[in-house]
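Welcome, and thanks for opening the viewer. Let's walk through this one together, stop by stop.

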Amino acid sequence: MSETVTKVPPKQSSSLKELVKAWVRFLALVAVLPILISFRLSAAVVGRNRALESSTQLLSLFPGITGQYLRRAFLQRALAKCHHSALVEFGTLFSQAGAILEENVYVGPRCQLGLVYLERDVLLASGVQIPSGGKTHYYDDPDKPIREQGGERRVVTIGAGAWIGTGVIVLADVGKGTIVAAGAVVTKPLPENVIAAGIPAKVIRKRFEKSPESPMLGEVIPSSSAE
Ligand SMILES: CC(C)(COP(=O)(O)OP(=O)(O)OC[C@H]1O[C@@H](n2cnc3c(N)ncnc32)[C@H](O)[C@@H]1OP(=O)(O)O)[C@@H](O)C(=O)NCCC(=O)NCCS
C-alpha cells in the first residue's frame, strides 16, 4: 500500500510577519524623512502646532495602507506619543503636537483632532471631531472680536476601549468602554461603559445592563427560570 503524504506549507510565523511589518515601518520612515525635516524646520519658525497642521494636511492625502504607514511614521516622531500599532486613516488632520495615541487606537477617515489623549483600543469612526475642549475661544469682552480674546486648550481623554460613532463632536472626556452614538455632541464628561446619544449627548443605557425581558445574546437561561 502506497503511503499518501500531504504536504502542509510552512506556517508564516507571526514573528516573520512582525519582521516584515518592522521593515515596512522603516521604509515608511525613510519616505517621510523629507516631511519630518521640513516639519522640524517650520516648527522652529511658526511653532510645532502650526507646522504639524500643514504636515498632516499633506500626509492625510495618501490613500490606503501606504498612507497608514506614512502617517504613522510621521506621527510617531511629531506627536507627544503615537504607538506603532495605532492606525490613522485618509483625510485625518491633527492640530496639536501634544496629542497622544496609545496601542491599537484606530482613527477613521476625515477626523479632526486637537489636544487628545486616546487611550488603548479606542475606535474613532469617520468624521469625528475632537477640538481641545469647548473653551478654545473666550468671548466675554463685548469690545473685542473673539479672535483677540484668547482662550484655553485642555486635553480631551477618550477612555480605553471606547467607540466614538460617525460624525461625533467631543468637547469633554469619555469614560472607558463607553459608546457614543453617531452624530452626538459630547458637552459633559461621560462615565465608563455607557451608551450615550444625541445633542447634547445623554446616557441612554449602561452597556452591559441586562433587562429581565430580553436576555443578552448567547446567554444560557436555566430551564427553571425559562419555563
Ligand atoms: C449607539 C449605537 C451603537 C446604539 O445601538 P443599539 O444598542 O443597537 O441601540 P438601538 O438601535 O436599539 O437604539 C436605542 C435607542 O437609542 C436611539 N439611538 C440609537 N442611535 C442613535 C443616534 N445615533 N442618535 C440618537 N439616538 C440614537 C434609538 O432611536 C433608540 O431610541 P428609543 O429607545 O427611544 O427607540 C448605534 O445606534 C450607533 O450610533 N452606532 C454607531 C455606528 C457608527 O458610527 N458606525 C461607524 C463605523 S465604525
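Start with the whole chain: buried residues (20 or more other C-beta atoms within 10 Å of their own, C-beta atoms being placed from the backbone) make up 28% of its 227 residues. You are looking at a predicted model, where local features need pLDDT of at least 70, side-chain atom pairs count only at pLDDT 80 or more, and totals for chains, interfaces and linings use all residues. Residues are numbered from 1 along each chain as its sequence is written.

Now switch to a cartoon view. The chain has four helices and 16 strands, taken as DSSP runs (helices H or I, at least four residues; strands E, at least two) and numbered from the N terminus.

Next, select residues 14-46, helix α1, and residues 64-78, helix α3; their axes come within 8 Å and cross at roughly 60°. Those axes are lines fitted to C-alpha atoms over the stretch in contact, with angles from 0 to 180 degrees between N-to-C directions.

Show side chains here. On α1, the contact (C-beta atoms within 7 Å) includes Val24, Arg25, Leu29 and Phe39, and on α3 it includes Tyr69, Phe74 and Arg77. By class, the contact residues are 13 nonpolar, no polar and two charged; Ala, Val, Leu, Ile, Met, Phe, Trp, Tyr, Cys and Pro count as nonpolar, Asp, Glu, Lys and Arg as charged, and the others, Gly among them, as polar.

Finally, select the ligand. Around it (C-beta atom within 6 Å) are residues including Ala125, Thr166, Ile179, Gly183 and Ile204. This shell has seven nonpolar, four polar and no charged residues.

Note on methods. A residue is buried if 20 or more other C-beta atoms lie within 10 Å of its own, exposed if 12 or fewer, and partly exposed in between; C-beta atoms are placed from the backbone. Two residues are in contact if their C-beta atoms, placed from the backbone, lie within 7 Å.
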